[in-house]
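Hi,

Here is the structure I promised to pass on to you. Have a look at it first, and my notes on what turned up follow below.

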Amino acid sequence: MARMSKRMKVAREKIEDLKEYDLIEAVSLAKGSALAKFDESMDIVVRLGVDSRKADQNVRGSVLLPKGTGKKFQILVFAKGEKEAEAREAGAEFVGGEDLLKKIQEGWLGFDRVVATPDMMGVVGRVAKILGPRGMMPNPKTGTVTFNIKEAIGEIQAGKVDFRVDKAGTVHAPVGRASFSVEDLAENFNALMAELIRLKPSSSKGKYIKGVSLSSTMGAGVRVAVSN
């Protein structure tokens with residue numbers, strides 16, 4: 001196991017494990033523990049009071065982060081005809097149909113996001129078991145199954161983030177990079193939390209937001225105080 005640097009120890013010592021910090025302080029502490037040589041992703045983990053095994057409590061959606069994600073995505077588009085041309089013009093790195101399907105089946109995953117036109121979902125469905133567990137399966141709820149390919153690609157590159165609750169009732173999502181200002185990260189955080197709260201299932205009883213933490217890729221988690 002790699003030894004923790006002195007700077008990392010100092011950064012982590014400032015964070016109390018069980019304390020919930022107000023948002024600005026939490027963001028500052030999380031940024032302070034991002035000491036890697038690369039620009040770390042800043043991510044939130046939200047524990048929801050839902051039973052994801054129930055269809056009506058399977059929280060899933062997307063949100064356009066106002067300050068973006070700080071990342072350029074490699075986008076794959078399943079399309080044909082004029083929509084294939086539209087995807088290429090909009091900047092998609094990979095566009096096609098059966099040819100891309102075969103590459104994915106052979107183990108290729110050199111892309112970050114997947115968009116598909118509705119008429120191509122029969123093709124995409126054949127790799128659902130590969131894309132689904134990685135959170136890359138196109139879905140109408142997240143705007144990634146659409147004939148408006150140009151808009152979908154533009155939103156992804158502008159900072160659109162997809163999220164879904166896992167089996168443990170937890171949502172994981174990025175809210176920017178460690179190089180972002182505290183204010184920009186807080187704005188992105190609030191946008192994502194607002195969308196999660198908007199999607200609260202009517203059948204969810206008791207406390208909906210059970211806990212929130214923020215951390216960088218290599219840094220310590222910081223609990224954030226939020227109101228339900």
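This is a predicted model: local features need pLDDT of at least 70, side-chain atom pairs count only at pLDDT 80 or more; totals for chains, interfaces and linings use all residues.

Residues are numbered from 1 along each chain as its sequence is written, and side-chain values use heavy atoms, with hydrogens and water left out.

**Salt bridges**

Which residue does Lys67 meet in a salt bridge? The partner is Glu187, at 3.9 Å from N to O (a salt bridge is a side-chain nitrogen of Lys or Arg within 4 Å of a carboxyl oxygen of Asp or Glu). This pair links distant parts of the chain, 120 residues apart: Glu187 sits in helix H8 and Lys67 in the loop between S3 and S4. Helices (H or I, at least four residues) and strands (E, at least two) are DSSP runs, numbered from the N terminus. Glu187 is also partly exposed, at 36% relative accessibility.

By this rule the count comes to 10 salt bridges.

- Lys160 and Glu155 meet at 3.2 Å, N to O. Lys160 is buried, at 9%, while Glu155 is partly exposed, at 26%.
- Glu195 and Arg198 meet at 2.8 Å, N to O. They are 3 residues apart in helix H8, so about one helical turn separates them. Glu195 counts as buried at 15%, whereas Arg198 counts as exposed at 57%.

**The largest pocket**

The largest pocket has a volume of about 740 Å³. For the terms: on a 1 Å grid over the protein atoms alone, a pocket is an open set of points where a 1.4 Å probe fits, with protein on both sides within 12 Å along at least five of seven lines, and lining residues have an atom within 4 Å of a point. The volume is the space filled by probe spheres set on the points, which are joined across faces, edges and corners.

How many residues line the largest pocket? There are 30, and Arg113, Arg134, Gly135, Asp162 and Pro174 lie nearest its centre. Strands S2, S3, S6, S7 and S8 each supply at least two lining residues, and S7 gives the largest share, with 5. By class the lining has 10 nonpolar, 10 polar and 10 charged residues; here Ala, Val, Leu, Ile, Met, Phe, Trp, Tyr, Cys and Pro count as nonpolar, Asp, Glu, Lys and Arg as charged, and the others, Gly among them, as polar.

**Two helices with a buried side**

In helix H2 (residues 23–32), Leu23, Ala26, Val27, Leu29 and Ala30 are buried. Seen down the axis, they fall within an arc of 165 degrees, so they line one face of H2; the arc is that of the directions from the helix axis to the C-beta atoms. The elements covering them include S1, S2, H8, S9 and S10, where contact means heavy atoms within 4.5 Å.

Helix H4 (residues 98–105) has Leu100, Leu101 and Ile104 buried. Their arc is only 105 degrees, which puts them on the same side of H4. Among the elements covering these residues are S4, S5, H5 and H6. Just after H4, Gly107 takes a positive phi of about 110 degrees.

Best wishes

Key. Buried means under 20% relative accessible area, exposed over 50%, partly exposed in between (1.4 Å probe, protein chains only).
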